[in-house]
Amino acid sequence: MSLAYETVSENRSFGGVQGVYRHPSQATGTPMTFAVYLPPQAEHGKVPVLWYLSGLTCTHENAMTKAGAQEWAAEYGMALIFPDTSPRGEGVADDEAYDLGQGAGFYVDATEAPWAPHFRMWHYITHELPELVFTNFPLDRDAQGITGHSMGGHGALTIAMTFPERYRSVSAFAPIANPTESDWGRKQLQAYLGADRAAWERHDATLLMRERGYPGEVLIDQGANDQFLDLLKPETLAHAMAERRQPGEFRMQQGYDHSYFFVQTFMADHLRWHAERLA
């Protein structure tokens, strides 16, 4: 595994540094771009880190520029990591649809053609990129949280419930909550993982909540006016949390849709939530 990377850009932000970096990924077999925000406290030692996984069509840049997270990360002394959502480039499989292929990795390791050679986002997010950033940046490996929006919320929840010993906090904005029963899920999981539904179930937040839950508290924010409610299926995750008596909060936010205006509005709440649990 290569731990080398190059700096694309670095900008001062709220007393810290917002950087964008590129490295050769062995997991995807492509160059991968990611962003790291280091708060001013990182100049004096290691800081807690919050992973932010983005949604369909996004790159590392969407949340970095639209979520308004840096101000709160600086206040709480927390680093932010914004990975890309899929491999990209010449020779990487793609699809005409926006919800499959480049920009739509779904945070799984594909086993099916033509996706298998490059679409290994589960391994990339959970193994390769962590080794790179913890080796090269002043981050506290023992104080990690994870969050995300839409497809990224799906990724954050499934990863946190699979590795609960690693992530001390988890939250999500409008996650794809039950992909095995949604058109935002069945199509992609079959394409990437094949017809065996048992392979799909390991990447379904509702099913994982029913099976194992999360040892800490979980925070979910969902816009009540989200134009994709039928695809997200938030009610299935809410019911699973209630059935399991999962500690945490599931909040339906009246009037809010699926956009980054919704994410911006509640970002301070989520950063505070994670800061309290990573302190």
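In which loop is proline 114 found? Proline 114 is found in the loop between β5 (79-82) and α3, where helices (H or I, at least four residues) and strands (E, at least two) are DSSP runs numbered from the N terminus. The model is predicted, so local features need pLDDT of at least 70 and side-chain atom pairs count only at pLDDT 80 or more, while totals for chains, interfaces and linings use all residues. Residues are numbered from 1 along each chain as its sequence is written, and side-chain values use heavy atoms, with hydrogens and water left out.

Most residues other than glycine have a negative phi, and most peptide bonds are trans. A cis peptide bond, with omega about 0°, joins alanine 113 to proline 114. Serine 150, in the loop between β6 (139-148) and α4, has a positive phi of about 60° although it is not a glycine; at 3% relative accessibility serine 150 counts as buried, a term for under 20% relative accessible area, with exposed meaning over 50% and partly exposed in between (1.4 Å probe, protein chains only). Arginine 245, in the loop between α9 (234-244) and β9 (248-253), likewise has a positive phi of about 60°, but at 73% relative accessibility arginine 245 counts as exposed.

Helix α10 (residues 260-278) has a kink of about 45° centred on phenylalanine 266, the bend at a residue being the angle between axes fitted to the seven residues ending there and the seven starting there. Among the buried residues of α10 are Phe262, Phe266, Trp273 and Leu278.
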